[in-house]
Amino acid sequence: MNGTVTVIDKSAVRIHSYMAPDDSLNVTTQLIETPARVIAVDAQYALAYADEVVAYARALGKPLDRVIITHAHPDHFHGAARFGVPVHALAAVRDQITAQGDGQDPSGTVIPVADVTPTVEITPGTEVVDGVRFVFEAHRGGEAADELVIKLPEQGVLVAQDLVYHATHLFLGNNDVPGWVKAVDELAAAPGYDTVLAGHGLPASPEVFDQLRAYLADAGELLGDDGEAYKQAITARYPGFGGPFLIDIGNQYLFGAGNAENSESAESA
């Protein structure tokens, strides 16, 4: 297996957290295994890694029920069709995906937008699946314009996806550091969650919120008008972090293509 799977046992629920390798931005798909089914959250960027997630999920011996797309960045929805199940998302996220049109995975394979457009609209609120309570929350601003957060209160699991990165560099292309700080503060204030699932990186404890606050503060300090200078400064401050290409992608959005390495292949994170 190319990706890294972390399994977290929460009695009635088991979480299988699949993190793609560094060459695919360490993007993470969460597989939530309930007593009778598997619910996937986010669908990978590279189709090869989406296929690896699907094969792992099928091997669990329970039917895949749905794939939930938390936000409209291609690294989280390009592989949606490979799951072969209904695609769920907030209405705003669905509309943002549709507006992007056809995409392309890193191998050059064209991904028709019709194949990955969510068909089931998520309304914020609570849904009970196999006796497990899922709480869906819509957040605006931060890493993306609109993001879905999923809470499993009884299990103490917070599926934060791209409002949380764990030991990886941040994509700042949405140009909303204050909004991201606000979202982190809101998530950190929710009591009772000992497991935080990140959209990039491995599962974390609540201590990840302090790490995020520090990184965002440093980004606000170091960001200027030169993307390459910013990259050198932030990677020097966080030398052990993965996903440096995420900085290049963000720089393309913040400063233009000339500031991003390999900008011809850059996609939103």
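Reader: Which residues are buried in α7?

Author: In this predicted model, local features need pLDDT of at least 70, side-chain atom pairs count only at pLDDT 80 or more, and totals for chains, interfaces and linings use all residues. Residues are numbered from 1 along each chain as its sequence is written, and side-chain values use heavy atoms, leaving out hydrogens and water. Buried means under 20% relative accessible area, exposed over 50%, and partly exposed in between (1.4 Å probe, protein chains only). In α7, the buried residues are G227, Y230, K231 and I234.

Reader: Why do they line one face of the helix?

Author: Seen down the axis of α7, they fall within an arc of 100 degrees, so they line one face; the arc is that of the directions from the helix axis to the C-beta atoms. The face turned away from this buried side carries exposed Q232 and A236.

Reader: How is the packing of α6 and α7 described?

Author: Two packed helices are described by the angle between their axes and the distance between the axes. Here α6 (residues 208–222) and α7 (residues 227–237) pack at about 150 degrees, with axes 10 Å apart. Axes are lines fitted to C-alpha atoms, for helices over the stretch in contact, with angles from 0 to 180 degrees between N-to-C directions. The two helices are therefore roughly antiparallel, a term for angles over 145 degrees.

Reader: Which residues of α6 and α7 make the contact?

Author: Contact means heavy atoms within 4.5 Å. From α6 come Y215, D218, A219, E221 and L222, and from α7 Y230, A233, I234 and R237.

How values were computed
Helix = DSSP H or I, 4+ residues; strand = E, 2+ residues; numbered from the N terminus. Parallel < 35°, antiparallel > 145°, perpendicular 65-115°, else oblique.
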